[in-house]
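Dear colleague,

Please find below the structure I promised to pass on. My notes on it follow after the sequence and model.

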Amino acid sequence: MEYNERLARFRQGHVNPFDKREIDSSTEGKDPPKHDRAMDLGLAEDHFSQPVGSFVASDVDQLKQAIAECKRLILELPEHSEKQKDTVIKLIHLRLKLQELKDPEEDEPNLQVLLEHRFSKEKSKSVKQMCDKCSTIIWGLIQTWYTCTGCYYRCHSKCMNLINKPCVRSKVSHQSEYELSICPEVGLDKQDYRCAECRTPISLRGVPNEARQCDYTGQYYCSSCHWNDTAIIPSRVIHNWEFEPRKVCRTSMRYLALMISRPVLKLKEINPLLFNFVEELVEIRKLRQDILLMKPYFITCKEAMEARLLLHLQDRQHFVENDDMYSLQDLIDTSSGRLSCSLTEIHTTFAKHIKLDCEKCQAKGFMCELCKEGDILFPFDNHTSVCHDCFAVFHRDCYYDNSTTCPHCARISGALKMATGEEV
């Protein structure tokens, strides 16, 4: 009864739950058990209820005292006992309350723009996020925090004014290209023994701050700018067909994550010999060339447009635009075999529509004008060859065995000469 009365008075703002005099007067003449001292420190109070009026400065000190006493009780209580578990829970509540007093929640705008970042106020109460500015945990339950909608930079609201790194997405928008040299190191002395990003003094010995190398840029960073995150390095993939993740700084990690699906790699110019050593790439290139040959059938076919067949490649739009540009994700999926499987399935679906399901598409097929035998031919068939001038389709064997010119080209040339009055 006394405890309930004291709790009610505390919630009305008349009692400080950590005032030992108040506790002693209510329990005068009684000898509380040793393990019930947690009650004397206010550990059983509802620390999430806000009393009328504000806490005074001494509350922080007394909360620290209660936390220290709670730690001592946890060590004294029997291992895995119910009392020890309850005390651990109370310790968590006390720590959250202390953090709340140190960093009270204020009314913050839902959207802030800073250094091209577009920070959106987060509503998640997850406590597993880390602040990219101060490198400490974001206690989502009691702290206000923001995430950039462009590069996913996270920080406390109190760290917003300290940010000096521009949004990585702006770099992706203005300069969509990779560093294609493998770990282009210049040396720590060239960096004046300072972090390449925040200019904090660093050294390989870890004094005053550990120097950590980013495998993508080749530069050295401090532990606040380099968290030992790992990522697949594009230059190692293109030159060595190596997909082992390497340690990179935070900025490089975000940049690579935003660039991973962008088709900016022209392999036949960067490293054309790669097709001689990676058979999977040759297969992917052939499938992409076939799909480009199928595209004219679909854009002139009403049924294909209604079925939206080309949307099968909506995640790789560049596959219906060209056959030589690749994204880093394309190469990763090629190495794992996922791209070959998915692209073969799409190729089969497209070919089935043209050759079997749609009569209008079938009518756009070709007969071999050299042998005048066999079934209807299409330019994406494996056993056919296409004239580079008129795009007529022939059996491959007939086309290469033919010593004369393409009969379709000859017929067109003759018609043009007749139209202009020239001798045939």
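**The sheet and its strands**

The bridge partner of S120 in β5 is T147. Please keep in mind while reading that this is a predicted model.

That residue pair belongs to the pairing of strand β2, residues 117-121, with β5, which is antiparallel and runs over three bridges. β1 and β2 run antiparallel and are joined by four bridges.

β5 also pairs with strand β6, residues 154-156, again in the antiparallel sense and over three bridges. In this pairing W145 has H156 of β6 as its bridge partner. β5 and β6 make a hairpin, with five residues lying between the two strands. Y152 sits in the turn of that hairpin and has a positive phi of about 65 degrees.

Taken together, four strands make an open sheet with antiparallel pairing, in the order β1-β2-β5-β6. Its edge strands are β1 (111-114) and β6, each of which pairs on one side only. On average, neighbouring strands of this sheet are turned by 30 degrees against each other, direction ignored.

Which residues of β5 lie on each side, and are they buried or exposed? In a regular strand, side chains alternate between the two faces of the sheet. In β5, residues 145-148, W145 and T147 lie on one side, while Y146 and C148 lie on the other. All of these are buried, so both faces of the strand are covered.

**Helix α11**

Does the length of α11 agree or disagree with its number of residues? The helix covers residues 279-299, which makes 21 residues. At 1.5 Å a residue it should span 30 Å, and its end C-alpha atoms are 31 Å apart, which agrees.

The helix has a bend of about 30 degrees at L293. A proline, P296, follows within four residues of that position.

The buried residues of α11 are L281, I284, L287, R288, D290, I291, M294, Y297 and F298. The list takes in R288 and D290 as well as residues such as L281 and F298.

**Two loop residues with positive phi**

S135 has a phi near 60 degrees, which is positive although the residue is not a glycine. S135 is found in the loop between β3 (129-130) and β4 (137-138). With a relative accessible area of 25%, S135 is partly exposed, since a residue counts as buried only under 20%.

R199 is not a glycine either, and has a positive phi of about 65 degrees. Its place is in the loop that lies between α6 (168-174) and β7 (212-213). R199 has a relative accessible area of 39% and is partly exposed, because exposed requires over 50%.

**The protein as a whole**

The protein has 424 residues, and 38% of them count as buried. Its secondary structure comprises 17 helices and 14 strands. Among the contacts with a separation of 6 or more, 59% are accounted for by residues 24 or more positions apart. The accessible surface comes to about 24,700 Å², and carbon and sulfur atoms hold 51% of that.

Regards

How values were computed: Residues numbered from 1 in each chain as written. Predicted model: local features only at pLDDT ≥ 70, side-chain atom pairs only at ≥ 80, totals over all residues. Heavy atoms only, no water. Expected span 1.5 Å × (residues − 1). Bend = angle between axes of the 7 residues up to and from the residue. Buried < 20%, exposed > 50% of the residue type's maximum accessible area, 1.4 Å probe, protein only. Pairing = 2+ DSSP bridges. Axes fitted to C-alpha atoms, helices over the stretch in contact; angles between N-to-C directions. Contact = heavy atoms within 4.5 Å. Areas by Shrake-Rupley, 256 points an atom, 1.4 Å probe, with all protein chains shown as cover.
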